[in-house]
Amino acid sequence: MKAHDGLYIGGAWRPAAGRDEIEVVNPADEQVIGRVPAGDAMDVDTAVRAARAALATWAATPPAERAARLGALRDVLAARKDEIAGTVTAELGSPLPFSQAVHASVPIAVAGSYAELAAAHSFEEKVGNSTVLHEPVGVVGGITPWNYPLHQIVAKVAPALAAGCTVVLKPAEDTPLTAQLFAEAVHEAGVPAGVFNLVTGLGPVAGQALAEHPDVDLVSFTGSTAVGRRIGAAAGAAVKKVALELGGKSANVILPSADLARAVNVGVANVMSNSGQTCSAWTRMLVHRDRYDEAVELAAAAAAKYGDRIGPVVNARQQARVLGYIEKGVAEGARLVAGGPEAPREQGYFVSPTVLADVTPEMTVAQEEIFGPVLSVLRYEDEEDALRIANGTVYGLAGAVWAGEESEAVAFARRMDTGQVDINGGRFNPLAPFGGYKQSGVGRELGSHGLAEYLQTKSLQF
Ligand code: NAD
């Protein structure tokens with residue numbers, strides 16, 4: 001695994017100001033696979049200056065040319081797909097087929113979508129006697145987590161570049177090698193120097209310096225609600241734009257008329273994929289009391305089938321946290337029907353695919369984000385009860401509804417306080433806005449709504 005010993009700033013790899021490093025560990029075997037610089041506030045400042053210096057020219061570059069660079073970026077990512085998948089597997093631990101099908105493929109689709117949107121978007125509109133200009137917000141500070149390491153980078157950088165913004169990215173500590181590969185791809189795609197800059201480093205050091213930098217115009221953050229809240233507060237104090245993609249505790253609502261086996265099987269697969277480290281995962285399965293026992297049996301069987309096919313979670317801290325939640329669930333009265341709180345292997349940060357039954361809405365495992373392969377199955381009495389439970393957390397990122405008739409599921413979905421709902425197993429759409437209600441976040445990513453986050457309007461009156 002190749003690791004750069006510098007930071008990508010102003011179109012070149014440069015040494016960091018200090019000597020601190022971050023060790024990158026393979027969570028499947030606990031081996032160190034690389035080291036990257038831990039940038040500090042001085043590095044962040046250098047990167048922000050480079051982004052500022054590049055801004056005027058990039059903002060004035062015709063959208064067709066920006067679109068061409070994004071098209072080239074998509075092509076480089078496609079050409080290096082196997083290398084990307086291998087890198088994500090090495091530092092995140094996800095099984096290689098999943099890395100190929102999701103971690104490497106989705107960012108290619110998203111980069112492609114922004115190449116098209118940049119070319120097609122009207123950066124000017126007529127409103128009565130006004131011409132409204134859609135101008136780039138400016139210098140963007142992007143801060144990303146490790147769970148979908150390339151997707152989360154591309155979901156920020158591609159729309160920012162399409163809009164004419166320049167970017168400084170601070171990726172997650174656990175997955176910096178994927179971020180370095182992305183920086184190589186940006187370079188290869190011919191994006192001008194300074195338009196994209198990468199500072200690897202620790203969250204409370206480089207991340208905080210970026211979020212608080214006075215010359216950053218927009219902070220776009222994806223990660224935990226705890227850190228998001230602090231970033232939002234700092235941005236508020238500085239009257240700075242902020243976009244937050246935070247945690248989730250989504251409900252999978254199985255209405256009585258649904259195809260139960262399909263709803264349960266797809267629901268379990270949704271929670272177990274990426275070892276449960278998906279912010280939009282449907283970690284609460286809601287089943288009518290008449291079909292509850294059957295659903296629990298199906299869920300336990302589906303989880304048990306995963307066996308060894310599931311990857312590890314990202315690090316030892318996360319493993320301890322997830323196992324602790326399973327213990328807490330049992331202590332609060334949940335019934336363990338698959339998996340459990342013991343680490344299944346001696347080496348690697350593995351967690352057994354776990355199903356907790358008899359979970360009630362107020363239990364910790366029904367309220368807090370676990371971020372591991374743990375499904376809670378809850379019982380509801382009637383539709384109103386299901387809705388109350390579904391909406392009964394501080395989060396509102398995603399969800400699912402299953403019913404015999406699509407219209408019945410849609411009617412329920414309209415009443416859910418959440419940003420995305422899959423109806424009877426609807427497919428992921430890279431153009432659909434993604435983001436949270438309530439404490440799941442502020443703003444939207446992907447598609448034209450994602451592009452709008454990086455634009456501000458200026459009205460000219462005639
Ligand atoms: P985290 O908040 O600890 O870290 C996310 C990023 O923020 C990392 O790059 C980290 O270095 C940085 N960071 C940490 N402390 C910081 C600080 N004080 N100032 C500035 N930056 C700081 O989250 P995590 O553990 O890496 O990721 C898991 C969390 O992210 C989960 O809660 C998950 O739900 C959430 N998430 C949300 C989405 C979404 O789109 N809504 C997507 C993925 C993950």
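1. Contact here means heavy atoms within 4.5 Å. Leaving aside neighbours within four places in sequence, L70 is in contact with A111, Y114, A115, A118, A158, L161 and A162.

2. This is a predicted model: local features need pLDDT of at least 70, side-chain atom pairs count only at pLDDT 80 or more, and totals for chains, interfaces and linings use all residues. Residues are numbered from 1 along each chain as its sequence is written, and side-chain values use heavy atoms, with hydrogens and water left out.

3. The largest nonpolar core has 61 residues. Such a core is a set of buried Ala, Val, Leu, Ile, Met, Phe, Trp, Tyr and Cys residues joined through side-chain atoms within 4.5 Å; buried means under 20% relative accessible area, exposed over 50%, partly exposed in between (1.4 Å probe, protein chains only). L70, L77, F182 and F196 have the most contacts inside this core. Helix α5 (149-163) is among the elements that each supply at least two residues, and α5 gives the most, with ten. Helices (H or I, at least four residues) and strands (E, at least two) are DSSP runs, numbered from the N terminus.

4. Domain 1 (7-246 + 439-461) and domain 2 (251-430) both give residues to this core, so it lies between them. The domain bounds come from an automatic or database domain assignment. Another core, of 31 residues, lies apart; V313, Y325, V365 and F412 are among its members.

5. The structure holds four aromatic pairs. Rings of Phe, Tyr and Trp (its six-membered ring) pair if their centres lie within 6.5 Å; planes under 30 degrees apart count as stacked, over 60 as edge-to-face and the rest as tilted. Y8 and W13 make a tilted pair, 5.4 Å centre to centre with 55° between the planes. Y8 is buried at 1% relative accessible area, whereas W13 is partly exposed at 29%.

6. F182 and F196 have ring centres 5.2 Å apart and planes at 85°, so this pair is edge-to-face. The pair links helix α6 (residues 176-188), which holds F182, to strand β9 (residues 196-198), which holds F196; the two residues are 14 apart. Both are buried. Ring pairs link Y8, W13, F182 and F196 into a cluster.

7. Two charges sit over rings. The criterion is NZ of Lys or CZ of Arg within 6 Å of the ring centre and within 35 degrees of the ring normal. The charged end of R66 is over F123, 5.3 Å from the ring centre. That of R345 is over F350, at 3.7 Å.
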